[in-house]
Amino acid sequence: MSVLAIDTAGPAPSVAVLTGQRLVEEALPPDRRASEELLPAVARALASAGLRLADCGRVAVCAGPGSFTGVRVGLATAWSCGRALGSPVEAVSTLEAIAEAARPWGALSIAAFLDAGRGELIGEIFDLAGPRARSLDPPSRVAAAEAASRAGGAAIAALPAGVAGAGGRAPSMSLAAALALAAAREPRAGAKPLAAIYARPSAAQEKHGPA
């Protein structure tokens, strides 16, 4: 099965296409240009893999936490591709994608962290014993200095690199590549509708509460 994977939520956005044993990646600019370059990057990745969009049997996308604009652009693009293909779309948390990207380390548990702004990280611990990362507890925000304690002995994978202190390191592959491999290894039911995941409420929600 060929898989198209999209990550515009993380700090190093990219797209990946997996077909058989071949994995093709296209990096995106780590700024607002990522949304403008996304569709051309998808086209280039498909062309490099010798595929058309219609050849992809599944789409996977990082649903956040991450860049607010990036999350929305990625989800909208994945939804459009899935609808055009009539194929399922997996919306996977960025933290889970980080854990999958650290799978080559060989650790059985990974604590995945992302910068949540305001001096905080958002983190979640995953079990990697099975074919797909399995969450061991809900995600939570912590101070950067508390990352090691929050990890509880699990290996620490963090983006950007170093955000979780000396004990953390960047994962071994891009989030899009890890997502493509995971979705091909053990497909999950597609999400309907696709829901964004945010590290914290918007400023308006924090001030006035949810609508």
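A residue is called buried when its relative accessible area is under 20%, exposed when that area is over 50%, and partly exposed in between (1.4 Å probe, protein chains only). By that definition Cys62, at 0% relative accessibility, counts as buried. This is a predicted model, in which local features need pLDDT of at least 70 and side-chain atom pairs count only at pLDDT 80 or more, while totals for chains, interfaces and linings use all residues. Residues are numbered from 1 along each chain as its sequence is written, and side-chain values use heavy atoms, with hydrogens and water left out.

**Confidence**

- The chain has a mean pLDDT (the predictor's confidence in each residue, from 0 to 100) of 91, and 94% of its residues reach 70 or more.
- Helices (H or I, at least four residues) and strands (E, at least two) are DSSP runs, numbered from the N terminus.
- Over residues 202-211 pLDDT stays under 50, and the model has 5 contacts beyond four places in sequence for them (a contact means heavy atoms within 4.5 Å).
- Where pLDDT is low, the predicted coordinates should not be read in detail.

- Cys56 is in no disulfide, and its nearest cysteine sulfur, that of Cys81, is 8.3 Å away.
- Cys56 counts as buried because its relative accessibility is 3%.
- Cys62 is also in no disulfide; for this residue the nearest cysteine sulfur, again that of Cys81, is 15 Å away.

**Helix 3**

- Helix 3 (residues 94-101) is largely enclosed by the rest of the structure, because 8 of its 8 residues are buried.
- These buried residues include Thr94, Leu95, Ile98 and Ala101.
- The elements they pack against include strand 4 (58-62), strand 5 (89-92), strand 10 (155-159) and helix 5 (175-185).

**Glu96 and Arg132**

- Glu96 lies in helix 3, and it counts as buried because its relative accessibility is 10%.
- Leaving aside neighbours within four places in sequence, Glu96 is in contact with Phe126, Arg132, Ala133 and Arg188.
- Arg132 sits in the loop between strand 7 and strand 8 (134-135).
- At 5% relative accessibility, Arg132 counts as buried.
- Not counting residues up to four places away in sequence, Arg132 touches several residues, among them Glu90, Glu96, Glu100, Asp127 and Glu186.

Methods
Disulfide = S-S within 2.5 Å.
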